[in-house]
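The sequence and structure are shown first.

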There are 2 protein chains.
Amino acid sequence: MSGTNGYKTRQRESILRYMTEHKDSHVTVNTISDYLAQQGTPVGTATIYRHLEKLVEQGTVRKYTVDAATGACFQFVEADRKCHEHYHLKCEKCGKLIHLKCSFVKELEEHIYAEHGFAVNPLRTVFYGVCQECAVPAAPAQKEEQNG
Amino acid sequence: MSGTNGYKTRQRESILRYMTEHKDSHVTVNTISDYLAQQGTPVGTATIYRHLEKLVEQGTVRKYTVDAATGACFQFVEADRKCHEHYHLKCEKCGKLIHLKCSFVKELEEHIYAEHGFAVNPLRTVFYGVCQECAVPAAPAQKEEQNG
DNA sequence: TAAAATCTGAAAATCGTTTTCATCTTACAC
DNA sequence: GTGTAAGATGAAAACGATTTTCAGATTTTA
């Protein structure tokens, strides 16, 4: 609490490194678990969950859900980017994160605050949807899990 | 499949009626289960899940997730009502969920699609922030589940 | 080096959701 | 009405993601 960021452990390093090296894909706890086990440096799932939770709390990692059956997804967020000044668009299909720099959104933020008395937090708010590349003209009519 | 919509049963009627009478709230399987049990017409959760699944398949009901810990939410959808989809504001402090019916957001949605080529999914997108009640007064600071 | 703070992971506990399966109901022909 | 096949039901077990427990291991700090 008092400025501490926790002890430096092999597990913590492994997880953090994995996150920084996989910024553009849907990372789940299993993804990480399987990878580390395969690398010969297994880490218990409980530990992975615990570290990710802390990383999310401190804003280093973002937590989101694409498919309820798959479980939570996590994504590393770069600190050097002024992410607090813009919003994000997250493609539900490819997992890509788009940094949206748009004055329109800022206006909406102000509108919501002025008219609805709600102070939006840009850091945690993510717009989910489908990006241009993943937008398929011909609807494949799959048996996909609904999510909205 | 061949035009059949299943047998007409008490359980099916109860569930459908509940959905049509609660179009504006977050309905979960437990919500329905508790209500029907209290009404003296209990329906097993497995049955509720089964019926909701069918209703979702046929487009009568929409399935979405607001909070992973709470589980799936369901909402009755009327054909003429689809354009009235609304967004949600989630207070990070007290956990309250606010239904935001605001044309400004709709405009933003259209703007993002037209100018940024991204099709926002309104039901999966949640604005996180702080509500009016939790704003200035002593922060209630709870241990809420993260979801952004 | 010792004590205190923190971390780890196997196993158990939770919790939402799905499946199993033996038993009812409904729809429909006779 | 009676018989029956397709479909529905629900208690309990199974499942899968996530959390908690707890005894033992590790990192810090003094």
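## The surface near DNA strand D

In this predicted model, α3(B) provides the largest share of the surface near DNA strand D, namely 5 residues. At least two residues each are supplied by α3 (45-57) of chain A and by α1 (10-20) and α3 (45-57) of chain B. By residue class, this surface divides into 9 nonpolar, 9 polar and 6 charged residues.

DNA strand D is surrounded by 24 residues, the closest being A:Y49, A:A72, B:T9, B:R50 and B:H51. Of the atoms of DNA strand D that come within 4 Å of the protein, 73% belong to sugar and phosphate.

Two side chains of chain B approach the phosphates: an N or O atom of B:H51 lies 2.7 Å from a phosphate oxygen of DNA strand D, and a polar side-chain atom of B:Q11 is 3.2 Å from a phosphate oxygen of DNA strand D. The side chain of B:Y7, by contrast, places an N or O atom 3.1 Å from a base nitrogen of DNA strand D.

## A:T28 and its surroundings

A:T28 sits in the loop that joins α1 (10-20) to α2 (29-38) of chain A, where its side chain makes a polar contact of 2.8 Å with the side chain of A:T31. Leaving aside residues up to four places away in sequence, A:T28 touches A:T70, A:A72 and A:C73. Because its relative accessibility is 10%, A:T28 counts as buried, the cut-off being under 20%.

## B:C134

B:C134 belongs to the segment after β6 (126-130) of chain B and is buried, with a relative accessible area of 3%. Its C-alpha is 31 Å from that of B:E21, a residue 113 positions away in sequence.

Technical notes:
Residues numbered from 1 in each chain as written. Chains lettered and ligands numbered in written order. Predicted model: local features only at pLDDT ≥ 70, side-chain atom pairs only at ≥ 80, totals over all residues. Heavy atoms only, no water. Helix = DSSP H or I, 4+ residues; strand = E, 2+ residues; numbered from the N terminus. Buried < 20%, exposed > 50% of the residue type's maximum accessible area, 1.4 Å probe, protein only. Polar contact = N/O pair within 3.5 Å; in protein donor to acceptor, adjacent residues only side chain to side chain. Contact = heavy atoms within 4.5 Å. Near = heavy atom within 4 Å. Nonpolar A, V, L, I, M, F, W, Y, C, P; charged D, E, K, R; others polar.
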